[in-house]
Amino acid sequence: MDMEMLTEIIDGGEIDEEFQAALDELARAHMSRLTDLKRLLEQTQSASAAQLHALQAELRLLRATLDEERARAHTAELRRDHERVRAPRVGGDDEDWDMARALRGDSRGTFNEADVRKALRMLGMADRMRLIGIILDSCLPGDITRQIQLLEKYAKSVFDLVGTLPPELGVQCLLPLSVHDLLSGAALVSRKWQKLVHDPALWRTHCLALTKTDPVPLRPPTNPEGWEPLYKSLHHRERNFKEGLPQNVRFLNGHTNFCTTVLLKGKRLISGSYDETIRFWDVTTGEEKKCLQVKKPVSCIDFLSEEEVFVVGFHDVGRVHLFSSVTFNPLQQLQGHLYGIRAVALSSKYLVSAGADKALVCWAWRTGTKIVRWGQQTNLSAHILVFTERVVSVTIDGAVRVFSIEKREMISQFKLSELGAGDPVLNAKLFNMGVGSNNMLQWFAAHGTQITCATKSIILHLQWTESPSEEPQLIASPTAEGSPSTPSSFPRTRTTSSMSLSRSGFKTPRRQSLNVSTATNSGGARARTPTTPLTPLSNSRNGTPGGAGTINAYGFPVKPGQSAILTAPPRIVAVIETPDVAVGAVDPRKRRVVTATRFSSRTGADRRIFMSTHSAPIKRSSPLPIDPPDGEGETGNESNDDSLQSRQVDFSTSIKELSGVWAALATSDENDNGLLTRTEGLLGGLPAKFAGLATPGMNPMAMALSHEEVVVGCADGTIYVMSFVGHQYCQEKAAVPVDDYLSRDDIADPTTA
């Protein structure tokens with residue numbers, strides 16, 4: 001018997017109409033049900049997103065209130081500490097001294113000399129002169145000669161003015177001295193000076209000055225005598241950074257593939273890896289707080305702590321994901337690129353991403369609305385920065401472009417290699433920047449208006465000027481001679497690309513043309529010749545939207561009294577020559593840079609990590625080239641009388657190779673693992689199959705830098721945190737003067753909190 005199922009086929013190929021109607025009705029019912037469920041899901045997602053935004057807004061308000069309360073509490077704590085520091089001296093000085101009682105003494109004709117001196121010092125100037133006159137009038141004729149001899153003796157002797165002053169005034173007199181002068185000079189003058197040198201109020205002032213650029217406020221010690229030991233600890237920290245001496249290291253194990261990005265916010269560390277995870281760590285304890293599976297290789301992360309949100313870019317997918325750092329739920333998935341994401345930047349309003357398709361996309365991340373997409377640039381972006389309503393993009397060929405989100409257009413651009421035009425030293429150092437594979441940008445970091453660009457052989461620190469002036473700032477190198485010229489004195493001839501808006505030199509000239517033109521030599525290759533400063537060209541951008549007001553020499557509208565932010569090229573702060581580096585990080589507040597070479601597997605490869613700190617710009621009264629402190633004193637509208645105050649570029653910054661605990665764990669073999677576990681400064685255990693920090697497996701892929709730690713993410717997924725607090729590792733060379741870290745201009749008024 002045949003058990004196969006047979007399907008009857010109607011000869012005419014027609015289907016029963018009733019059956020077809022039933023199928024259609026069933027399909028409509030299913031589609032209606034699916035539509036209802038989809039709408040319900042969308043409403044649920046919208047409600048969830050709205051609730052999350054509401055919670056985040058409430059969290060932001062609570063955080064702002066908490067910050068204000070902490071600031072008030074910290075100010076009150078500093079004020080109480082200042083009063084506590086002054087308390088021991090106030091009681092003794094305010095005691096009422098009676099001159100008659102001091103002269104009467106013990107009623108037997110003897111009196112205490114110290115009591116008389118104290119009573120005399122309590123008198124005012126007029127009372128002291130009156131008392132001296134009474135004493136001289138009461139003297140016998142034979143006493144006058146003795147008085148003259150005593151006065152001549154006192155006139156010839158050395159009078160310790162500071163030692164006789166009240167302690168508060170004595171401390172004020174010693175404040176202008178550096179720490180090195182205090183310890184090696186003032187403390188050796190006398191016992192009174194030594195007592196003043198160790199006064200808590202003096203060390204409190206030095207501690208506040210030394211930590212004024214720290215991201216967290218300084219906590220006062222429990223008692224006034226703790227200020228001097230606290231300064232010693234802070235001095236060791238600054239010295240360790242200057243000399244490249246990490247004191248301890250802690251390994252964070254969890255990632256199993258390339259650690260491509262690390263982001264340090266306070267004591268909270270966020271890391272992303274090719275193992276398709278994002279992990280949150282506590283760098284103090286080394287504890288992993290959260291592991292988030294994202295199912296794609298992570299290439300970049302940015303975190304907005306004020307809103308408790310973070311954005312993730314993926315290596316091979318052209319979209320970015322926005323997450324809440326409170327619930328770790330996805331908030332937005334934004335698609336805008338053809339290929340993977342190279343960099344992301346997050347602000348309170350905007351999210352900007354740079355893709356491997358050489359495009360930039362800007363979103364309003366709260367609503368997920370795409371605002372603008374700027375098309376292909378000349379090359380891949382090394383990094384992007386969102387500054388208020390402006391977006392700064394730096395490509396690996398050294399081109400910096402500034403875009404306006406409101407106008408949806410590019411407003412300025414320039415080449416890093418052309419910032420040194422007109423100055424032979426700067427031009428020689430920057431001439432090949434961005435040209436050729438060996439001179440491409442390797443990494444880039446930015447904070448506010450400060451940016452740092454690095455090739456394999458040079459690190460360039462730049463500072464944008466924020467001023468209400470229409471005149472750009474002056475840039476010059478230490479070799480520049482003479483005063484800056486006026487714009488009208490520059491020749492109009494052009495010998496190189498007109499891509500940049502201006503050139504650096506004695507005077508930053510202003511340009512409007514954004515067209516790219518190149519000169520070619522007889523061989524057809526691009527010919528780059530030293531550039532000549534240019535005069536402003538004719539304005540061709542009068543029709544730019546928002547052009548109400550004046551048009552500056554760059555061709556961009558400027559309203560009276562407002563700043564033309566980011567329309568002029570930044571000024572050069574420092575130029576640092578380095579070995580063949582591949583990755584790095586910057587702490588702009590401390591002006592520090594940590595960078596590392598590529599830990600290649602070839603024999604004899606250079607596997608080192610370096611630290612450098614460029615000097616702070618210092619104002620002087622002399623007509624030498626000066627720099628104001630970062631973010632301060634930049635007015636930009638100097639008159640002709642101040643034209644000699646040109647910018648000075650720091651070329652003297654040296655780099656230090658990391659030693660300390662990093663050098664102790666740099667190399668290892670199978671027989672040394674037992675010894676390495678007992679290395680001084682090792683917190684926790686070593687990773688499995690640890691062969692040393694200076695090995696190809698520990699090749700630095702990402703780095704982060706704070707005022708106390710350096711974080712390194714490695715090729716094998718290992719993360720290690722190096723702390724520079726402590727003094728168990730010391731420099732073998734001669735001791736560094738302590739005032740290297742504290743200038744006299746940094747001394748603050750001890751009466752201010």
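**Questions about a predicted model**

Biologist: Which strand holds threonine 395?

Modeller: Helices (H or I, at least four residues) and strands (E, at least two) are DSSP runs, numbered from the N terminus. The run of residues 390–395 includes threonine 395, and that run is strand 15.

Biologist: With which side chain does the side chain of threonine 395 make a polar contact?

Modeller: A polar contact is a pair of N or O atoms within 3.5 Å; within protein, one must be able to donate a hydrogen and the other to accept it, and residues adjacent in sequence count only if both atoms are side-chain atoms. At 2.3 Å, the partner of threonine 395 is the side chain of aspartate 397.

Biologist: Beyond its neighbours within four places in sequence, which residues is threonine 395 in contact with?

Modeller: Contact means heavy atoms within 4.5 Å. With the sequence neighbours set aside, the list for threonine 395 is Gln377, Thr378, Asn379, Leu380, Ser381, Ala382, Arg401 and Leu441.

Biologist: Threonine 388 sits in the loop between strand 14 (381–387) and strand 15. What is its phi?

Modeller: Threonine 388 is exposed, with a relative accessible area of 52%. Although it is not a glycine, its phi is positive, at about 50°.

Biologist: Is phenylalanine 328 buried or exposed, and at what relative accessibility?

Modeller: Phenylalanine 328 belongs to the loop between strand 8 (319–324) and strand 9 (330–335). Its phi is a positive value near 60°, in a residue other than glycine. Phenylalanine 328 counts as buried, because its relative accessibility is 18%.

Biologist: Now for arginine 342. Which residue's backbone oxygen does its side chain reach?

Modeller: Arginine 342 is part of strand 10 (residues 341–346) and counts as partly exposed, at 38% relative accessibility. Apart from residues up to four places away in sequence, it touches several residues, including Cys300, Leu380 and Ile396. At 3.4 Å, its side chain reaches the backbone oxygen of serine 381.

Biologist: Let's turn to helices. At what angle do the axes of helix 10 (residues 200–210) and helix 11 (residues 227–243) cross?

Modeller: Axes are lines fitted to C-alpha atoms, for helices over the stretch in contact, and angles run from 0 to 180 degrees between N-to-C directions. The two axes come within 8 Å and cross at roughly 30°. Angles under 35 degrees count as roughly parallel, over 145 as roughly antiparallel, 65 to 115 as roughly perpendicular and the rest as oblique. Helix 10 is therefore roughly parallel to helix 11, at an angle of roughly 30°.

Biologist: How many nonpolar, polar and charged residues make up the contact of helix 10 with helix 11?

Modeller: Among the meeting residues are Trp203 and Leu210 in helix 10, and Tyr231 and Leu234 in helix 11. Ala, Val, Leu, Ile, Met, Phe, Trp, Tyr, Cys and Pro count as nonpolar, Asp, Glu, Lys and Arg as charged, and the others, Gly among them, as polar. The residues of this contact divide into 8 nonpolar, 2 polar and 3 charged.

Biologist: Which residue caps the N-terminal end of helix 10?

Modeller: Helix 10 is mostly covered, with 11 of its 11 residues buried. At its N-terminal end, a side-chain oxygen lies 2.9 Å from the backbone nitrogen of alanine 201, and that oxygen belongs to aspartate 199.

Biologist: How far apart are the C-alpha atoms of proline 588 and histidine 707?

Modeller: Proline 588 is in the loop between strand 24 (581–587) and strand 25 (592–597), and it is buried, with a relative accessible area of 14%. Along the chain, proline 588 and histidine 707 are 119 residues apart, but their C-alpha atoms are separated by 9.9 Å.

Biologist: Last one: what share of the residues in the whole protein is buried?

Modeller: The protein has 14 helices and 31 strands. Of its 753 residues, the buried ones make up 44%.

Definitions and conventions
Residues are numbered from 1 along each chain as its sequence is written. This is a predicted model: local features need pLDDT of at least 70, side-chain atom pairs count only at pLDDT 80 or more; totals for chains, interfaces and linings use all residues. Side-chain values use heavy atoms; hydrogens and water are left out. Buried means under 20% relative accessible area, exposed over 50%, partly exposed in between (1.4 Å probe, protein chains only).
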